Amino acid sequence: MPIAVYKQGKIFYEEKGSGEPLIFIHGVGLDHTMWNQQIDSLSDSFRVIVYDMLGHGGSEHPPGPYSLSQYVEQLSGLMDYLQIEKTHLVGFSMGGMVAQAFALTYQNKLKTVTIMNAVANRTDEQRKGILARVEEVRENGPLSTIEPAIKRWFNPTFLQSHEEVVNQVRKRLQTNNPVSYLSAYTLFATADAEVWPKLKKIETPALIITAENDIGSNPEMARMMHEQIKRSDIKIIPNMKHMLPVEGADIINKELRLFIEKQTISLG
């Protein structure tokens, strides 16, 4: 069980393959295992690295409240530990928020950044909805929100035909540390307001990708990010919901290869 050590504590990570580094950041309440299909597919071309965010899985669980800067420094610490000077970075959902903040803080450490199924500039109504779920977690515990999340994240046909995969996600959500999860979820519900005004400062080549039927990280948010980040491409994947890297793994893996290859050629 590989453990990196940095100034804030320990980071659980896994890596496979060789080549240019490609680091993935999972979503809130999940862990590194959500990227299993990316590891299997992309490690033939890249040094694929996945890790557990602060307050998740086998990584450090400091007391809350949490800040985006803590997650940014965790990733920087992991890169320093692994002696990686520059990487391709992919962030999903809350991980996409962390990826935005990382690009704003450590642009010199990035080759490309992919912001996947991420939120941006929530409306008052959208903010009210996510804060209501935070209160539900606070009052009733994280288990109360799991089944509604599963239904938001996957298409019904996938739920029926891939029960084992869905159950792995469900089990991950069920085994979260309640205190850490609440701290992370609270940050996820509010921190888009912190990064949104700064997005124009991101100069790293970026891919912004989401699903047509993702309610929380919707295509309109993706288009707004695309307008703010000048060196960005945008992809909206039809007929998919939130868990693109799992349900649409083949599509995602292909899009990541094409995007990184395109940027490598343009820089080369």
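Trainee: Among contacts between residues at least 6 apart in sequence, what percentage join residues at least 24 apart?

Mentor: In this protein, 76% of such contacts join residues at least 24 apart; a contact means heavy atoms within 4.5 Å. The model is predicted, so local features need pLDDT of at least 70 and side-chain atom pairs count only at pLDDT 80 or more, while totals for chains, interfaces and linings use all residues. Residues are numbered from 1 along each chain as its sequence is written, and side-chain values use heavy atoms, with hydrogens and water left out.

Trainee: Why does the radius of gyration agree with a compact globule?

Mentor: The radius is taken over C-alpha atoms, and the globule rule is 2.2 Å times the number of residues to the power 0.38. For 268 residues a compact globule would have a value near 18 Å, and the protein has 17 Å, which agrees. The C-alpha trace spans about 50 × 40 × 40 Å along its principal axes.

Trainee: Why is Val169 called buried?

Mentor: Buried means under 20% relative accessible area, exposed over 50%, and partly exposed in between (1.4 Å probe, protein chains only). Val169 has 9%, and is therefore buried. Buried residues make up 57% of the 268 residues in the protein.

Trainee: Which residues does Val169 touch, leaving out those up to four places away in sequence?

Mentor: Val169 touches Leu30, Ile150, Trp153, Phe154 and Met243. Val169 and Met34 are 135 residues apart in sequence, yet 7.5 Å apart in space, C-alpha to C-alpha. Val169 is found in helix H7; a helix is a DSSP run of H or I with at least four residues, a strand a run of E with at least two, both numbered from the N terminus.

Trainee: What makes a set of grid points a pocket?

Mentor: On a 1 Å grid over the protein atoms alone, a cavity is a set of points where a 1.4 Å probe fits but cannot get out, whereas a pocket is an open set with protein on both sides within 12 Å along at least five of seven lines. Lining residues have an atom within 4 Å of a point.

Trainee: Which element gives the most to the lining of the second largest pocket?

Mentor: Helix H7 does, with 4 residues. Val169 is one of the lining residues, as are Leu30 and Met34.

Trainee: Which residues lie nearest the centre of the largest pocket?

Mentor: They are Ile130, Arg133, Arg152, Tyr185 and Phe188, out of 28 lining residues. Helices H4 (124-140), H5 (146-153) and H8 (178-190) each give two or more residues to that lining.
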